[in-house]
Amino acid sequence: MQASPAAAAPSPAVASSPAPSLSFKPIKRTADDYIFGKLIGDGCYSTVFLAKDIHSGKEYAIKVCEKNLIIRRKKREYIKREKDALNMLFNVPHGFVKLYCTFQDVDRLYFVLSYAKNGELLTHINRVGSFKLNVAKHYAAELLVALEKMHAKGIIHRDLKPENILLDENMHLRIADFGTAKLMDPEAIRTTTKNIENDTQNERSRKISFVGTPQYVSPELLHDCVDTRASDLWAFGCIVYQMISGLPPFRAATEFLTFQKVLKMDYEFPEGFPADAKDLVEKILVLDHTQRLGSDDKGDMYGSIRNHPFFDGIDWDNLCEQTPPTIC
Ligand code: ADE
């Protein structure tokens, strides 16, 4: 049986049931259906554990959210967005962690996610110092394709960074952590830059007190609080820079100083940064989001970015079937 997005249990739990009748209901999971193992991630209201399904033996990453922290820290909206975004992406074959099911008990909410065995992209960048050009090119291409699919569904991530980009068992990229995502009309996302005037009170205060990740936050999110897919392209530019140089372009001792550097576009390329990569990053890290490479692209592809000379030699059609180049 095909697992359905975040409603039923992972498929094996009902595999031996008779042919589904109209009254067929999937069995609801509980924490007792899993053996919880090591901690693999945490955030301000959640913890992620590696867990084994006792029925199938399959491994999952289970995100456990404490209800009292969600309420105290006013993160209810984040939970809903994460679930909605992951449900929308469930049938997209590559590029995203999958949400198989959710359940709750008195104190906690549980998200059963696909386990990305090879962890965070950040760990790999830090382990090797910086990526060889062919490796950076490959992962930049995988990331761009994932952004195309996500934006085509009307989802802006708004907190893309190497910690939120995971690598699966085949070293393919999977974007995670959609708690701060914005869900928009898929048609409108290409043209709309929605600003704070149209927002609910809740949304306004979230934006005004925006504490995403300073190194990757776009100037328009800091300045004008506009929602545009180009903010994800800005983060994409920062990540390409980081894969090649080892560090993000905007960094300073405090968050405030980092924000100032972003707003002043105060960054430099280290010596030896390849010319094509420099040109691509310069065309993406542009203050005016409407002038950013890709922001004007029509259709579901970022053709202007795909066609940049940095990506020469990339086989776009087979990217996710290829074995990625080794990170060393
Ligand atoms: N950390 C957070 N989510 C994860 C996932 N799905 N797989 C591996 N590590 C994670």
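**Questions about a fold and its ligand shell**

Reader: What share of the contacts with a separation of 6 or more comes from residues 24 or more positions apart?
Author: This is a predicted model, so local features need pLDDT of at least 70 and side-chain atom pairs count only at pLDDT 80 or more, while totals for chains, interfaces and linings use all residues. Residues are numbered from 1 along each chain as its sequence is written. Two residues are in contact if their C-beta atoms, placed from the backbone, lie within 7 Å. Among contacts in the protein with a separation of 6 or more, residues 24 or more positions apart account for 65%.

Reader: What percentage of the residues of the protein count as buried?
Author: A residue is buried if 20 or more other C-beta atoms lie within 10 Å of its own, exposed if 12 or fewer, and partly exposed in between, with C-beta atoms placed from the backbone. Of the 328 residues of the protein, the buried share is 39%.

Reader: How many helices and strands does the protein have?
Author: Happy to count with you: helices (H or I, at least four residues) and strands (E, at least two) are DSSP runs, numbered from the N terminus. The protein has 10 helices and 10 strands.

Reader: Which are the edge strands?
Author: Two strands pair if DSSP finds at least two bridges between them. By antiparallel pairing, 5 strands form an open sheet in the order E1-E2-E3-E6-E5. The strands that pair on one side only are E1 and E5.

Reader: What is the average twist from one strand to the next?
Author: Axes are lines fitted to C-alpha atoms, for helices over the stretch in contact, and angles run from 0 to 180 degrees between N-to-C directions. From one strand to the next, the twist averages 25 degrees.

Reader: Which helix packs on the sheet?
Author: The helix in question touches E3, E5 and E6, and its direction makes about 150 degrees with that of E5. It spans residues 76-89 and is helix H2.

Reader: Which residue in E6 does Ala61 stand opposite?
Author: Strand E3 (residues 59-66) and E6 run antiparallel and are joined by 7 bridges. On the other pairing, E5 (residues 99-104) is antiparallel to E6 over 5 bridges, and there Leu99 has Leu113 as its bridge partner. Across from Ala61, too, stands Leu113.

Reader: Why is E6 largely enclosed by the rest of the structure?
Author: The reason lies in its burial. E6 is largely enclosed because the buried residues number 5 of the 7.

Reader: How many residues does the largest nonpolar core have?
Author: A nonpolar core is a set of buried Ala, Val, Leu, Ile, Met, Phe, Trp, Tyr and Cys residues joined through C-beta atoms within 7 Å. Ile62 is one of those with the most contacts inside the largest core, and beyond four places away in sequence Ile62 touches residues including Val48, Tyr110 and Val112. The number of residues in this core is 74.

Reader: Which strands each supply at least two residues of the shell around the ligand?
Author: The residues around the ligand include Ile40, Gly41, Leu113 and Ser114. Counting Ala, Val, Leu, Ile, Met, Phe, Trp, Tyr, Cys and Pro as nonpolar, Asp, Glu, Lys and Arg as charged, and the others, Gly among them, as polar, the shell has 9 nonpolar, 3 polar and no charged residues. The strands that each supply at least two are E1 (34-42) and E6 (108-114).

Methods. A residue is near a molecule or strand if its C-beta atom, placed from the backbone, lies within 6 Å of it.
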